[in-house]
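Visitor: I have a structure open and some time to go through it. Can you walk me through it?
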Amino acid sequence: MSETFAFDETDRKIVEQLRQNGRATNQQIAESLNLIASTVSTRIRRMEDAGMLRVVAVSDFAVHGYHVLIHLAVQVSGRSALDVAEELAVFPEVFAAHLVTGSYEISLLLTLHDIDELPSLITDRLSKVPGIRSMIPAIGLDIVRYGLDTAPIDRRRLA
Amino acid sequence: MRRPDLDELDHQLIAILAQDARVSNRKIAADLGVNEGTVRGRIKRLQQEKLIAFTALTGLKLEKATNVAFIAVQADVSHVRHIARDIAHIPLVKAVMITLGPCNIMATCLYDDLDNLHRMASGQILAMEGVNHVETSLAVRTVKFSNRVVRITDAQTVSSL
């Protein structure tokens, strides 16, 4: 990844168009921004090559059969929180893991196919990871907003 | 949550588009051995049913606010939906989930400096009627996260709701 890459105003406008519709043709983007299509295609390729842009389809949790979301606040003791988080991150049910400051050390988001999976996941599997002092779950009832498209591109990912 | 009816071709299409959304219908059709009209129709249906959305993922360098914080909110249960919507309208709040647990709303937000985060958590959210308690946790490191699997909500291109 280029450390010196800088977006200019034209790049930002192209990205904004792509955010609205990632499958807009170069010609459509060019027309709405008063550019020529080859400029649009060159700019997109330049941003992609620099590792600063990916235009993708994102899919809903439902596509993957995830019908239950649970937030799990994990308190750690006697072990490095990073070590615990990295071990927890290996579980396929762990969709997101962050180290945080506050009353607990690790914030986990779990994605399950069915709520029936929760008891054995918590008591038989996650709890076997050394260093966990407590786990406080919050069951997701409704997602009002979800728009985390600006996270770093090259994180370890599921899909 | 919804249980969509998807066949093998839908899943193949989604996998291709998840890698690069700018590949043409013609190329997808050739790769999958189906005709272009089928590809066009399938993509249209997946979009209409809010199962996929096309967007641009950028490195955080493009954004001014690059730090992540989680805000847990205890709100009056009778007002929780209303309060969750108000929190979702704050521009830097990127995700809001209503939960059953120690708190009843979990919000994920981006912030540039601590002063602004404090203003958002204690100035805006705590000041809302029916909000009893706010607890902010700063994410100091992302160990695992996927921005390819999301909740596609109403009236949303993923970035701009």
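Guide: One term to begin with: two residues are in contact if their C-beta atoms, placed from the backbone, lie within 7 Å. On that basis, take the contacts in chain A between residues at least 6 apart in sequence: 61% of them join residues at least 24 apart. Keep in mind that this is a predicted model.

Visitor: OK, what ipTM and pTM does the predictor give the complex?
Guide: The ipTM is 0.83 and the pTM is 0.82.

Visitor: And what is the mean pLDDT of chain B?
Guide: It is 87, with 90% of the chain B residues at 70 or more.

Visitor: How many residues of β2(A) are buried?
Guide: Seven of nine, so β2(A) is mostly covered.

Visitor: Which strands does β2(A) pair with?
Guide: One is β4 of chain A, residues 106-112, joined antiparallel by seven bridges. In that pairing, A:Val74 has A:Ile106 as its bridge partner. Another is β5(A), also antiparallel and over seven bridges. There, A:Gln75 sits opposite A:Ser134.

Visitor: Now the contact between the chains. How many residues does each chain put in?
Guide: Chain A gives 62 residues and chain B gives 67. On the chain A side, the elements that give two or more residues are α1 (9-20), β1 (53-60), β2 (68-76), α4 (81-89), β3 (94-100) and β5 (132-146).

Visitor: Which of those gives the largest share?
Guide: β5(A), with eleven residues. By class, the chain A side has 35 nonpolar, 16 polar and eleven charged residues.

Visitor: Where do strands pair across the two chains?
Guide: One place is β3(A) with β5 of chain B, residues 131-144. Four bridges join them, and they run antiparallel. A:His98 faces B:Thr142 there. Another is β1(A) with β6(B), which run parallel and share two bridges. In that pair, A:Ser59 stands opposite B:Val149.

Visitor: What is the strand order in the open sheet?
Guide: The order is β1(B)-β1(A)-β6(B), three strands with mixed pairing. β1 (52-58) and β6 (149-150) of chain B are the edge strands. Each has a single partner strand, so one side of each has no neighbour in the sheet.

Visitor: Which residues of the largest nonpolar core touch the most other members?
Guide: They are A:Ile106, A:Leu108, B:Ile71, B:Val73, B:Val96, B:Ile105 and B:Ala107. That core has 90 residues. β2 of chain B, residues 67-75, gives the most to it, with seven residues.

Visitor: Take B:Ile71. What does it touch?
Guide: Leaving out residues up to four places away in sequence, B:Ile71 touches B:Ala107, B:Cys109, B:Ala121, B:Ile125, B:Val134 and B:Thr136.

Visitor: Which residues of α4 of chain B are buried?
Guide: In that helix, residues 80-88, the buried ones are B:Val80, B:Ile83, B:Ala84, B:Asp86, B:Ile87 and B:Ala88. Their cover includes β5 of chain A. It also includes β2, β3 (93-100), β4 (105-111), α5 (114-125) and β5 of chain B.

Visitor: What about domains in chain B?
Guide: The domain assignment gives domain 1 (8-48) and domain 2 (60-138). Their centres, taken over C-alpha atoms, are 37 Å apart.

Visitor: Last one. Where is A:Asn26 found?
Guide: In helix α2 of chain A, residues 26-33. A:Asn26 touches A:Ala37, A:Val40 and A:Ser41, not counting residues up to four places away in sequence.

Visitor: Why does A:Asn26 count as partly exposed?
Guide: Because A:Asn26 has 19 C-beta neighbours inside 10 Å, and a residue is buried if it has 20 or more.

Visitor: And how far is A:Asn26 from A:Gly147?
Guide: Their C-alpha atoms are separated by 25 Å, and the two residues are 121 apart along the chain.

Methods. Residues numbered from 1 in each chain as written. Chains lettered and ligands numbered in written order. Predicted model: local features only at pLDDT ≥ 70, side-chain atom pairs only at ≥ 80, totals over all residues. Nonpolar A, V, L, I, M, F, W, Y, C, P; charged D, E, K, R; others polar. Pairing = 2+ DSSP bridges. Buried ≥ 20, exposed ≤ 12 C-beta atoms within 10 Å, placed from the backbone. Domains from an automatic or database assignment. Core = buried A, V, L, I, M, F, W, Y, C linked by C-beta atoms within 7 Å. pLDDT = per-residue confidence, 0-100.
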